[in-house]
Every structure is written in C-alpha cells, then in structure tokens.
Amino acid sequence: MLQVETRHAVHPDQARTMDTAALRRHFLAEGLFQDGRLRLVYTHYDRFVLGGAVPAGGRLTLDHVPETGTPGFLDRRELGIVNLGGPGTVTAMGDSWAMARGDVLYLGRGAGPVVLAGEGRFYLASAPAHRTCPNRLIRPTEANRVELGSAEGANRRAIMQFIHPLVMESCQLVLGYSVLEPGSVWNTMPPHTHDRRMEAYLYWDMAPEDRVLHLMGPPDETRHLFVANEEAALSPPWSIHAGAGTGRHGFVWAMAGDNTDFTDMDMVAPGDLR
C-alpha cells in the first residue's frame, strides 16, 4: 500500500548539465495518485515530503514511514492534506473530518496515525515541526483570497491561502492553491525565487490532454518541464517557478524553510530571464 521515493538535493551547477530525462527524474513527481495506494516522495529540500493517497472507497493509513526515522510519520512532523477528488474522510487522534473537493486539513505534530477513506484524492504535504499546532479543517470560504494579475497579461488568478499566518498557525508549513480565471494561462508571472524556502507545485484540475510548461532553473539559465494533471514539480530554493498551460489548470503550492512569510520573495523581471 505504501511506496516511498527519495529525492536528493541538486546544486544549480549540476542542474545546468542535465538533459530532459535527468531534469524529470530529479524535479518531477509522476504517478502519485493510484487507486488503493499511498505514494510519497521524501525530499532533501528542507526534508519536505509530498505524496498522493487514493483510498478508492476503502481506507489507507499513514503511520510508520521508515525514511523519517521515527515510529510514526507525524511524531516530529506536521501535515497538510488537500482533497482533489470526491467526498472523503480523514481520521486522526479520534477525530474525523469530512472533506469535500478543495478542502484543506492541517494536522499538527504528534497527531498519530492518519486514516484516509472514501472517494477523495488526497494530496499530502509535510514538513518537520519543532512544536505542535492545533489541527484544523479549512474550507475554501475560510481561506484568505488574493486577486492578482490582469486579463491583458493573461495571468489573472486568485491565490487561496489556507495554511498561512493570516488564516491559522503552523510550525513551518505554508500551503494553498491558485485558481486561474478563464482566458489566463500564466500561473506565476513575473517569476521569483526565495532562497530561504523550497516549494512544490502540484498541478491539478487539468484535462488529460493538457500540459503545463513549468519553468525552473536559475533566472539567468532557465530550464523547463512539461507537466500533466496531478503531477508535481519540485522547486529548489535557487530556482524560479512559473508556468503556462495549454488549457485550464490550477496548482497547489506548498513551502517549507526558514520562515512562513509568504511575501519573502526575490522578484525576477521578465527581461532578466535567460
């Protein structure tokens, strides 16, 4: 039921030498969502873990993961769960939360085994935690909504902030998702870096035939990945992240690192990209 893959950190000098296959092997997470399976990617970027769980009407339990070196996965971690699918439930510490599509659940350090059930397609994002914060279910109506972009720039979008200092308390995990307006294709433009935090992008709400051109790499020597629905791109602290889709798409963003300040970004002007 459980499958874990480890991704080691990559220096930007090494990334410059990679061909397409190597870039995808190091920075793209594919096949996360499989019926009846719990699949995790354990990264050496701030020890961030991402993954997918698809109970397919049954039950999946997230508990002992050998890669963390602890008896239970949440013994020294916090966890964000986003439901990308149908109605589902998550149970931990004797409490159960019913989750609809687009809901986000935060579980703090020490929450114990996590049982995922129902028809949900659960995206998981976890970071180490040095203290315990309260568990909380956040509906889209409770998120902090930020409108950005313009129709002229083809990047009009809403940033929905869930696990965020303006909404709730966490240790170091910051998570939300962005929704593009009809006719917009750029999900982040102009791009930015934040050397103090890593980030992961999980693309979703896409037609099977569509792709997102995900831009990455140092601003002066960019690279790209073509990403399909429910695939995730790992973004190292030294890398930009921006993308344009061939059709409708959204993305779940999650970060871990030195702070939880969403605005702590080093902006890159489009004219400086190479």
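Analyst: Helices (H or I, at least four residues) and strands (E, at least two) are DSSP runs, numbered from the N terminus. With that reading, His192 has its place in strand E16. This is a predicted model, in which local features need pLDDT of at least 70 and side-chain atom pairs count only at pLDDT 80 or more, while totals for chains, interfaces and linings use all residues. Residues are numbered from 1 along each chain as its sequence is written, and side-chain values use heavy atoms, with hydrogens and water left out.

User: Is His192 buried or exposed?

Analyst: Burial is read from relative accessible area (buried under 20%, exposed over 50%, partly exposed in between, with a 1.4 Å probe and protein chains only). His192 counts as buried because its relative accessibility is 7%. Across the chain, buried residues make up 55% of the 274 residues.

User: Which side chain makes a polar contact with the side chain of His192?

Analyst: A polar contact is a pair of N or O atoms within 3.5 Å; within protein, one must be able to donate a hydrogen and the other to accept it, and residues adjacent in sequence count only if both atoms are side-chain atoms. For His192 the partner is the side chain of His241, at 3.0 Å. If contact is taken as heavy atoms within 4.5 Å, and residues up to four places away in sequence are not counted, His192 touches several residues, among them Glu199, Ser239, Met265 and Val268.

User: How many helices and strands are there in the chain, and how does one read a sheet among them?

Analyst: The chain has two helices and 23 strands. Strands of a sheet pair through backbone hydrogen bonds, either parallel or antiparallel. Two strands pair here if DSSP finds at least two bridges between them. Three strands, in the order E19-E18-E21, form an open sheet with antiparallel pairing. Its edge strands, each pairing on one side only, are E19 (223-227) and E21 (242-245). Strand E18 (residues 212-216) pairs with E21 over four bridges, in the antiparallel sense, and Leu213 stands opposite Ala244 in E21.

User: Which residues of H2 are buried?

Analyst: The buried residues of H2 are Ala22, Leu23 and Phe27. They lie on the same side of the helix, because they cover an arc of only 100° around the axis, an arc that is taken from the directions from the helix axis to the C-beta atoms. The face turned away from this buried side carries the exposed residues Thr20 and Arg25. The buried residues of H2 are covered by elements that include strand E1 (2-7), helix H1 (12-15), E18 and E19. At the start of H2, a side-chain oxygen of Asp19 comes to within 3.3 Å of the backbone nitrogen of Ala21.
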